[in-house]
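Take a look at the model below.

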Amino acid sequence: MPVHATPVPILKDNYAWLLQDSGTGALALVDPAEADPLIAAIAAQGGRLDLILLTHHHADHVAATELLRDRYRCPVAGARLDAHRLPRLDIALDEGEEVALGVARGRVIATPGHTRGHIAWFFADGAVLACGDTLFSLGCGRLFEGTAAEMFASLAKLAALPDETLVCCGHEYTLANARFARTVDPDNPALTARIAEVERLRAAGLPSVPTTLALERATNPFLRAADAAILGALRARKDNF
Ligand code: ZN
Ligand code: FE
């Protein structure tokens, strides 16, 4: 039974994600950084929270973790590698290990680059990928603690997931990313079509995500970079764009 993913807009341009196992109704929350809108979103889905998942230690992804753990008395799962600087973890995992959400299983994919201990969560049933600040629609995370080679390897791991994978990223950066992507790949019809779609969605006040891995492979210049040097050059250019 598939996992269903719903974005919850929080802070200025972040998304937390509610992931629901349709087999049991169990509910997980990814990257809880602001309590009030998340408490309201959980109430709208029945008022019970079973699991908190963290992608990385930045405050705009973890700030409300303790408050929500206390309120819902649910375990918090995150990267063992960054346990020392994440909120207290009840479940500390390494690459390849799994967490249970009802009858669904989420697998840890180590994605260093943005931060050293950054991870993504992949639920194969439902093809839901919660990837924090590693992969964005039409973009990728800044290299705060890692090299271009690390980010290239992390993106390659994500790119190897199935076409239909839903990319549930940590920010609504798509329009700004689109302005840059257009300068990299001006003659890509898939990119032109995606930009028009994103402009429509944002004008209507709707999220531009989740996107799919197939669409990102066709449009995202960072995912399309042929090697780490090209990715590094693109990232450096985007930092000053
Ligand atoms: Zn971050
Ligand atoms: Fe962030």
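A crossing is called right-handed if the near helix is turned clockwise from the far one by less than a right angle, and left-handed if anticlockwise. This model is predicted. In it, H5 passes H9 in a right-handed crossing.

**The helix pair**

Two packed helices are described by the angle between their axes and the distance between the axes. Here helix H5 covers residues 174–184, and helix H9 covers residues 228–239. Their axes come within 11 Å and cross at roughly 125°. H5 and H9 are therefore oblique to each other. Which residues of H5 meet H9? They are Ala-176, Asn-177, Phe-180, Thr-183 and Val-184. On the H9 side, the partners are Leu-234, Arg-237 and Lys-238.

**The metal site**

Now the zinc ion (ligand 1). Its protein donors lie 2.2 to 2.3 Å from it.

| Donor residue | Donor atom |
|---|---|
| His-56 | NE2 |
| His-58 | ND1 |
| His-114 | NE2 |
| Asp-133 | OD |

Along the chain, these donors follow the spacing H-x1-H-x55-H-x18-D. Why is the arrangement around the zinc ion irregular? The 4 donor atoms subtend angles of 88 to 172°, which makes it so. Asp-133 also bridges the zinc ion and the iron ion (ligand 2). The two ions lie 3.2 Å apart.

Key. Residues numbered from 1 in each chain as written. Chains lettered and ligands numbered in written order. Predicted model: local features only at pLDDT ≥ 70, side-chain atom pairs only at ≥ 80, totals over all residues. Heavy atoms only, no water. Donors = N, O, S within 2.8 Å, 3.2 Å for Na, K, Ca; no water. Tetrahedral: all angles 85-135°; square planar, octahedral: opposite > 155°, others 65-115°. Axes fitted to C-alpha atoms, helices over the stretch in contact; angles between N-to-C directions. Helix = DSSP H or I, 4+ residues; strand = E, 2+ residues; numbered from the N terminus. Parallel < 35°, antiparallel > 145°, perpendicular 65-115°, else oblique. Contact = heavy atoms within 4.5 Å.
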